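The following paragraphs lead the reader through one structure, beginning with a term that the later description requires. The sequence and the model are shown first.

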Amino acid sequence: APISGIDYHATLNEEQYAAVSSEPGAALVIAGAGSGKTRTLTYRVAWLLDHGTDPWNILLLTFTNKAAREMTERVRALIPIDLSRLWSGTFHSIANRILRQHADYLGYTPAFTIMDSDDRKSMIKSIVKALKLDEKSSRFPKPEVLSSLFSLADNEGAGIQETLENAYPYLSNHLDAILDVHEQYVLRKQETNSMDFDDLLLNVVRLFQEQEHLRALYGARFHHILVDEYQDTNYLQSRFIDMLAREHGQLMVVGDDAQSIYSWRGADMENILSFTTRYPSAKTFKIETNYRSVPEILELSNAAIAANEMQIEKRLRSVRPTGEMPPALVPLNDDRMQAKFISQRIRDLIEEGTDPNEIAVLYRAHFHSMELQMELTRSEIPFRITSGIRFFEQAHIKDVVAFMRFVVNPRDELSFRRMVMLLPGIGPGMAQKLWARWAACPENRAETPPESFSALMMEFPVPAKSKPGWMQLCYTLDELAPGGKTANPASMLVSINEAVYDEYMQSAFENYDQRRQDLLHLAGFSERFDSAEDFLSQLSLLGNTDDESAAADLSGGAVTLSTIHQAKGLEWSVVFLIGLCDGMFPHQRVIDDGDLAGLEEERRLFYVGITRAKDQLYLTYPRWNCRAQGGTFMQMPSRFLDEVPAALVEEWEVE
Ligand code: ATP
Ligand code: MG
């Protein structure tokens, strides 16, 4: 019997209702932006619970952790039942949860470290160095490049050679060396009990492949699998879903092919296009009403995407009345004027009563916003950045976390090095020696931290100058895992700070006070976690996805600055799309290569940007730009602006 009291007919339109109340089975909901796809998925979860499904049997997959949290919150608000046994999250976080329980099947311990992009770069760097490849060729690809190459290969489920030939043909003369690096990289990860982000998915799929009983166990558990933003799933993600759906086949995916914008990460539109072929019994639902945007913005978005060849025909009609203004097209003299215009406009809007949380500035690439960041800071307009350097990626945060990671997983070589190099007199060479000593101890391979680090390490051959620091470090490690059992994360952080790190920070950074505050926040944040393992895996997942800075105090509301990529699925009352110059957006690369598929993806990105706006949309571009080496040059407005009928926008004269 229904327990929520939701009137599904009253809160959903007919098309949405049909999907929400559909008979169990495979279902594809395909519809344009702002038509209520995510809302439909949320109500579907409520519907299932209302009709007797146990939360334990539901798996909800979304693109960001934040989206997962918000959806679960909304369901909780609709139905007051305990949802802690319902699994929801990103593919990575769900894979992590599964792997933590069965890592031993893959030769890992449950305490494996998740490496972020910096960690993987430094691991690759040390391999390149060890193989002396950088000495043999001064043009050997940098760790960043190798890292993206490996990642792309993993996400597309392709081999290194194939990926190299397709995506990095200009590196093919390095093929053999790159294969060597990759081989070492795979080995090193296993040796150090570490996985990178891509491994989470790769390994969970491997686990299910090799251990059929585990696949069947989870397959039997998840009676209902629901996936948002399905158009951006990659090969591995769709494999993962297909493996889990084998038992029950009750899989509802929602998406919009016109919003597929992650092919550079291996996302494959084919997954959504071929869904009904892979699930022949699947029902398809279409929603043709847009609830988000005023008709003027909707019309512009339709015109913007019309130039794309590759798309499923979709009609969208607006249900909202005419808005307060047509989309504004605002040419500005240069970057600085663009920043000034936007910050002035934002100030006016806030004064007129617009909630700062309802304002977003979106751009093609993070660096397009540098000038604006400075201008907003000068004007004291609070903002949050959902792209770029994040709280958890700052050096001091990573330093203290290295201590914890090492204690939790004493095979974590990168964390060990990072930690010991904080001591005076210990450089990379010395760190290498110390690691070799530690790696030779049998305790290094144990499942848990040793009874006493100091008993094992105190006599390691450190230079005289480093001796006091080294002793201090050994005692601190003991405090972090007294008797071989890790302490709770908050007390670990306090110990690290008091014993070694605070003093180090005073000499290492000019903004000591700010950083000290950050670490206090971090310790506060860690309070909600019971174990260090739990805290660390949350941290790694946070740092690399979407979440906003946890540090800044934005309680009074703040404007959002974001790349369009990271804005997908979200909406704001007022949206500024900035930097609309040819070569910036669309990206110069697709123009130069005459890459039609690439250009279409840029256009979808433009469409995603426009469709984030509910009430007001500003399209801005600077006419002149400065070159890094000095001098200015004129820029053409984006070709995407030429493609839309002039009548759909109103040009503003600002200067
Ligand atoms: P996107 O493609 O950008 O992810 P979406 O299709 O997932 O968009 P939602 O975010 O679910 O769309 O909905 C867009 C907006 O429309 C939200 O503010 C939502 O609350 C509202 N909305 C959707 N359906 C209805 C409805 N039946 N009645 C009232 N409001 C609705
Ligand atoms: Mg959505």
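Two residues are in contact if their C-beta atoms, placed from the backbone, lie within 7 Å. The structure to which this criterion is applied is a predicted model.

Leaving aside its neighbours within four places in sequence, Ala33 is in contact with Asp256, Gln259, Ser301 and Thr611. A residue is buried if 20 or more other C-beta atoms lie within 10 Å of its own; Ala33 has 24 such neighbours inside 10 Å and therefore counts as buried.

Lys37 belongs to helix H3. Because 26 other C-beta atoms lie within 10 Å, Lys37 is likewise classed as buried. When residues up to four places away in sequence are not counted, Lys37 touches Val29, Ala31, Val254 and Ile287. The UniProt record, an unreviewed entry, places the feature "binding site" at Ala31, Gly32, Ala33, Gly34, Ser35, Gly36, Lys37 and Thr38.

Attention may now turn to the ligand. Ligand 1 is surrounded by 18 residues, and the closest are Gly36, Lys37, Thr38, Arg39 and Tyr291. Helix H3, which spans residues 37-50, gives the most to this shell, with 3 residues.

The largest nonpolar core has 114 residues, and Val29, Val45, Leu60, Val204, Ile225 and Phe403 have the most contacts inside it. To this core, helix H19 (residues 395-408) gives the most, with 9 residues. Apart from it lies another core, of 56 residues, including Val559, Val574, Val575 and Phe640. Leu60, for its part, touches Val45, Ala68, Met71, Leu86, Ser88 and Leu226, residues up to four places away in sequence not being counted.

It remains to consider the confidence of the prediction. The protein chain averages a pLDDT of 89, and 94% of the residues score at least 70. Within the chain, confidence is highest in strand S15 (residues 572-577), at a mean of 98, and lowest in strand S17 (residues 624-626), at 72. Over residues 543-553, pLDDT stays under 50, and the model has 31 contacts beyond four places in sequence for them. Where pLDDT is low, the predicted coordinates should not be read in detail. For the complex, the predictor gives an ipTM of 0.99 and a pTM of 0.81.

Note on methods. Residues are numbered from 1 along each chain as its sequence is written. Chains are lettered from A and ligands numbered from 1 in the order in which they are written. This is a predicted model: local features need pLDDT of at least 70, side-chain atom pairs count only at pLDDT 80 or more; totals for chains, interfaces and linings use all residues. A residue is near a molecule or strand if its C-beta atom, placed from the backbone, lies within 6 Å of it. Helices (H or I, at least four residues) and strands (E, at least two) are DSSP runs, numbered from the N terminus. pLDDT is the predictor's confidence in each residue, from 0 to 100. UniProt positions are given in the numbering used here, feature names are shortened, and annotations may be inferred rather than shown by experiment. A residue is buried if 20 or more other C-beta atoms lie within 10 Å of its own, exposed if 12 or fewer, and partly exposed in between; C-beta atoms are placed from the backbone. A nonpolar core is a set of buried Ala, Val, Leu, Ile, Met, Phe, Trp, Tyr and Cys residues joined through C-beta atoms within 7 Å.
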